[in-house]
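Please open the model in your viewer and keep the selection panel at hand. This tour moves from stop to stop, saying what to select and what is found there.

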Amino acid sequence: MRRRATGLALAVVLALGCSRGFERAPARELRINLETEPPTLDWNLATDGVSIVAIEQLMRGLTRLGPDLRPEPDLAEHWDVSADGRTYTFQLRDGVVWSDGVPLRAQQFVDSWQRLLAPATAAEYAYFLFGVHNARAYNGGKLADFSQVGVRAPDDRTLVVELDAPLVYFPALVNFMVTFPLRRDLVERFGERWTEPGNLVTLGPFVLAEWRHDYRLVLRANERYWGGRPPLDRITAYMVQEGSTALVLFEQGLLDLVRIPPLEIRRYTERPEYLRQPLLRGYYYGFNVRKPPFDDVRVRRAFALAIDRSQFPALLRGGEQPESSWIPPGMPDANPELGLRFDPEQARALLREAGIDPAQLAPVKIVYNSDQTHKLVAEKVQAFWRDNLGVRVEVENREWKVYLKELSTDPPAVFRMGWGADFPDPDNFMNLFTSESENNHTGWGNREYDALVARAAREADPAERQRLYDRAQRILCEEDVPIVPLFVTAANFAVQPRVRDFRPSPMDLFFFEQVRAE
Amino acid sequence: MNARGWVGLVIVLALAGLALAGDRLAGYRFDAQDTAQALAAPSLAHWLGCDALGRDLFARLCEGGRVSLLVAVGATALALALGLGYGALAGWVGGRLDALLMRGVDVIYALPDVLVTVLLIEVLQAALTGLPDLWRRLAALAVALGFAGFVGVARLVRALVLQAREEVWVEAARASGASPGRILLRHVLPNIAAPLFVSAAFRIPAAILAESTLSFIGLGIQPPFSSWGTLANDGFEAMRSYPHLIFFPCVAILCALLGFHLLGEALRERLAPRFRA
Amino acid sequence: MIRYALGRVLAGIPVLWVVATVTFALLRFLPGGPFDKERVLPPEIRHNLERRYALEGTLAHQYVDYLERLARGDLGPSYKYVGRDVADILRDAVPVSLELGAAAFALAVVGGIGLGLAAGARRDTAVDRSIALGSLVGVSAPSFVVGAGLILCFGLGLGWLPAGLWEGPLYAVLPACTLAALPLAYAAQLTRAQVAGVMDQDYVRTARALGVPEARVRRRHVLRNALLAVMTYFGPLLAILLTGSFVVERIFAVPGMGRYFVTAVTNRDYPLVLGVTLVYAVLVVLANLAVDLLYAWLDPRIRVGGAER
């Protein structure tokens with residue numbers, strides 16, 4: 001009996017070992033990790049980086065961003081701007097059809113924008129189009145008739161948009177998913193389930209074949225795509241939350257593309273599967289300028305000068321690039337020369353000048369939202385201020401929701417924040433800190449800064465625009481210092497050798513239409 | 001107490017000793033950062049290596065041990081206190097109160113304990129505003145875990161009290177007119193102390209287990225402090241490249257649990273052989 | 001027996017009601033609404049959101065509204081997953097957890113009882129001692145320790161089994177083993193103790209003395225009593241499998257409902273929390289009922305409503 005049992009056990013073990021029970025490398029199929037369930041595929045409602053990955057394969061917009069991040073024609077073949085810069089006329093491409101055969105019409109853009117702005121939709125990104133004439137009033141319920149809003153479709157091929165004030169970056173703005181066209185008939189027919197597979201109709205390089213929620217999403221090539229059928233047959237997007245599990249799956253050959261967890265990066269940098277992409281995503285520490293001692297600008301400058309950013313890359317290992325200015329490199333009008341550099345001597349001198357005795361100062365509190373990276377950064381900055389200034393620092397963390405509430409009601413003296421570009425224009429980064437920006441948690445306002453940013457948004461001359469942003473950045477990062485930019489993050493990928501032509505963009509977007517997998 | 005019990009006791013005492021004073025042995029503070037030594041492998045200078053910020057892992061483990069043991073002991077004490085009160089009340093008074101209290105137990109069993117614990121931690125964290133940060137978190141964890149664990153104790157106590165009621169000397173005390181409180185205190189309690197003690201010996205490892213699991217998913221103790229669970233989580237992320245980061249915390253947890261289980265088994269054999277905690 | 005079963009089912013309903021109320025109340029005390037994001041919303045939008053998800057009105061109003069919809073079987077829309085109902089989310093997730101739980105349950109029970117029997121029958125031999133030690137380690141290892149070990153060993157080291165996902169039967173092996181580890185060890189301990197105890201009892205000795213074959217002695221008396229002892233553990237076992245799954249599902253990326261125990265709370269997804277709690281409560285009530293019935297069937301001395309022997 002015992003002998004038979006061992007024999008049986010051996011047989012099972014051998015069978016397991018020899019079995020190819022799981023497929024390692026299916027041809028023309030790409031398996032990626034989305035890391036978490038996309039909250040929605042409804043492009044009027046989506047707000048986050050995960051939903052975008054799926055949506056960008058399924059749908060296209062008026063423009064797309066070229067390799068230099070300038071807008072290029074996509075669904076719009078070309079566009080004209082009026083002399084005063086307030087009216088845009090887009091001519092749509094011929095021959096574009098949705099996956100059910102219905103042709104693209106300009107009215108579908110109007111329908112989409114109406115839905116985005118309709119109060120009943122409760123879209124969080126509605127404010128994205130507030131530059132359009134009467135959009136804000138319509139969204140606020142003060143205007144009931146959408147035909148008064150500055151977007152209309154005089155014919156099937158033409159879309160006309162009227163802005164309240166000229167916005168230089170408007171063509172880049174309409175690359176963003178919330179402005180994609182919409183099939184109102186389908187949304188009305190299927191209601192909230194219109195994004196489910198079987199109901200969802202799209203016009204991008206891929207179509208939604210299957211969506212097993214919280215587990216995986218499957219996209220198939222769209223034979224009718226106007227740009228030509230993509231080389232891939234199928235994309236399977238899994239949702240594996242644990243970074244290290246995803247990496248193990250990658251090494252087992254079960255995933256083709258993953259983000260590398262920070263601490264594993266070093267092991268990968270020499271390997272052929274490694275791919276790094278700097279992003280247009282800034283990481284900064286903000287001061288609440290209403291809370292002492294940070295109500296004194298000299299103190300803020302001192303604390304900024306006491307941070308040695310050069311240590312972050314070694315600490316985080318994620319390809320973070322130290323940045324003392326705010327507009328990230330790669331963004332038009334960036335200027336990395338600006339900002340305060342590490343200078344502990346001057347920092348201490350400034351503190352003395354402000355009449356602060358570090359030993360007597362109450363402990364300064366850094367608050368951040370729970371995350372490995374944020375924790376490391378906070379503890380590092382705590383050490384900087386302790387060692388270079390002699391100040392006592394406490395570190396506290398909060399859950400994301402609680403953190404956000406605190407930021408909007410009673411911001412901590414020192415807090416951390418990140419910002420990723422919604423569209424590749426410096427205005428997206430700079431108008432964050434104007435006096436009326438709802439995302440400015442520092443309590444700081446500067447009229448000269450506000451004026452500079454407002455003018456730059458409308459300035460057409462590139463040289464003048466650069467000059468305006470330089471001056472604004474000087475105020476933000478060198479003079480008043482309500483924030484201390486720390487670094488710009490990068491994306492670190494592991495890609496299987498069988499995957500070719502994968503090119504991530506600095507906007508942290510992926511386009512798989514040109515990718516091949518053998 | 002048998003040999004294994006002694007082994008368990010030794011392990012427990014050793015861990016407690018390390019937790020209290022271990023980092024002084026090593027000579028590093030648990031929060032001293034040294035970027036140059038980040039992620040160093042175990043060596044003579046750093047016996048267990050360093051973490052991503054260059055902090056000595058041995059010192060971190062000792063500090064983590066303090067936290068884990070504190071939470072576990074606090075949770076156990078609370079569970080015992082609550083369970084004792086609840087179970088004694090139900091068992092002694094009996095009748096409808098007992099039925100109601102046992103219904104309450106049914107309801108609590110029907111709630112997923114993980115979810116309730118997470119909820120309680122968040123509620124308490126928000127409510128206990130007066131305390132400094134670390135103590136607030138520790139208290140929230142201890143109370144939440146204690147609350148999650150008291151039901152088992154309550155059931156045990158109730159059964160014991162029910163049994164004790166039938167004992168001769170208790171009947172005699174009642175007949176002589178002593179107050180219920182006095183009877184409970186002087187006659188019942190001493191007799192149920194032994195099984196309770198054994199129960200405590202098993203509750204502590206259960207609390208350590210629960211706390212480290214919660215910390216592993218990020219809901220337990222918050223940085224800059226750590227417990228064994230958070231150290232294990234840090235290690236899990238870098239499992240392939242820096243295995244020492246996950247290995248040692250796991251060993252610590254295993255040893256602690258093993259030690260307490262051995263001790264508990266031996267105590268049970270000695271003090272209360274008929275009861276299984 | 002049927003009346004007993006029905007009675008127990010009905011008795012479970014007030015329990016469920018209390019569960020719904022208690023969770024509802026607890027959740028309202030948590031700070032942070034469900035829609036905070038990196039970008040602060042203009043007030044018009046925030047107002048629109050609150051109206052859509054029925055967060056307006058007094059607490060009492062929301063509560064009554066909730067109970068009404070529950071009675072209709074409508075668990076409401078999820079706050080975090082736009083456009084999806086809680087019922088849909090759970091419909092996808094619960095079967096996976098049940099499959100994983102069933103596999104782990106079978107492993108734990110069969111493995112545990114098997115090992116316990118083997119150990120108890122061979123007292124004080126090497127087999128007995130190693131099983132005793134193994135089960136001691138097993139109850140001392142948190143699931144993430146077991147999971148990490150299994151991934152390193154079988155996933156990466158030997159490469160036999162996938163370290164995550166849920167694409168076929170092979171994918172269930174590592175997560176089920178991880179989930180079953182602690183219960184298996186505990187069941188083995190219980191069984192071993194029980195077997196050792198029973199082997200010495202009078203009626204077993206009598207049976208042996210009377211010349212009843214050893215195998216029959218084992219089967220009829222020892223096995224049945226061991227099973228009875230382990231069955232007292234089934235209720236808590238199910239609870240452990242269901243709630244312990246949240247770590248296992250997280251580590252192995254299994255699409256079950258375990259993760260919602262945690263994420264729904266941290267996301268303040270109130271309807272999902274309530275939905276998950278109710279499903280769990282229903283499962284616990286059913287499981288306890290099943291255990292009681294099984295117990296009654298196995299042990300005639302406890303059969304409810306039957307005459308005493």
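Predicted model: local features only at pLDDT ≥ 70, side-chain atom pairs only at ≥ 80, totals over all residues.

Residues are numbered from 1 along each chain as its sequence is written, and chains are lettered from A and ligands numbered from 1 in the order in which they are written.

**Chain C as a whole**

Select chain C and colour it by secondary structure: there are twelve helices and zero strands, where helices (H or I, at least four residues) and strands (E, at least two) are DSSP runs numbered from the N terminus. Of the 309 residues in this chain, 44% count as buried, a word used here when 20 or more other C-beta atoms, placed from the backbone, lie within 10 Å of a residue's own, whereas 12 or fewer make it exposed and values in between partly exposed. Among the contacts in chain C between residues at least 6 apart in sequence, 74% join residues at least 24 apart; a contact requires that the two C-beta atoms, placed from the backbone, lie within 7 Å.

Next, select H10(C) (234-252) together with H12(C) (270-298). On the side of H10(C), show C:Phe234, C:Gly235, C:Leu238, C:Ala239 and C:Leu242, which meet residues of H12(C) including C:Tyr280, C:Leu283 and C:Val291. The residues of this contact divide into nine nonpolar, two polar and no charged, with Ala, Val, Leu, Ile, Met, Phe, Trp, Tyr, Cys and Pro taken as nonpolar, Asp, Glu, Lys and Arg as charged, and the others, Gly among them, as polar.

**The nonpolar core**

Which residues have the most contacts inside the largest nonpolar core? Select B:Leu115, C:Ala187 and C:Val276, which hold that place in a core of 330 residues, meaning a set of buried Ala, Val, Leu, Ile, Met, Phe, Trp, Tyr and Cys residues joined through C-beta atoms within 7 Å. Helix H2 (57-93) of chain B gives the most to this core, with 18 residues. Around C:Ala187, look for partners such as C:Ala108, C:Ile113, C:Val230 and C:Tyr233, which are among the residues it touches when those up to four places away in sequence are not counted.

**Where chain B meets chain C**

Now show chains B and C together, where 29 residues of chain B are in contact with 31 residues of chain C. On the chain B side, the largest share, eight residues, comes from H4(B), and the residues of that side divide into 23 nonpolar, three polar and three charged.

Select C:Ala253, in the loop between H10(C) and H11(C) (258-266), whose phi is near 55°, a positive value in a residue other than glycine. With 26 C-beta neighbours inside 10 Å, C:Ala253 counts as buried. In chain A, A:Val481 also has a positive phi, of about 50°, although it is not a glycine, and A:Val481 is buried, with 25 other C-beta atoms within 10 Å. Finally, select A:Pro292 and A:Pro293, which are joined by a cis peptide bond with omega about 0°.

Methods. Axes fitted to C-alpha atoms, helices over the stretch in contact; angles between N-to-C directions.
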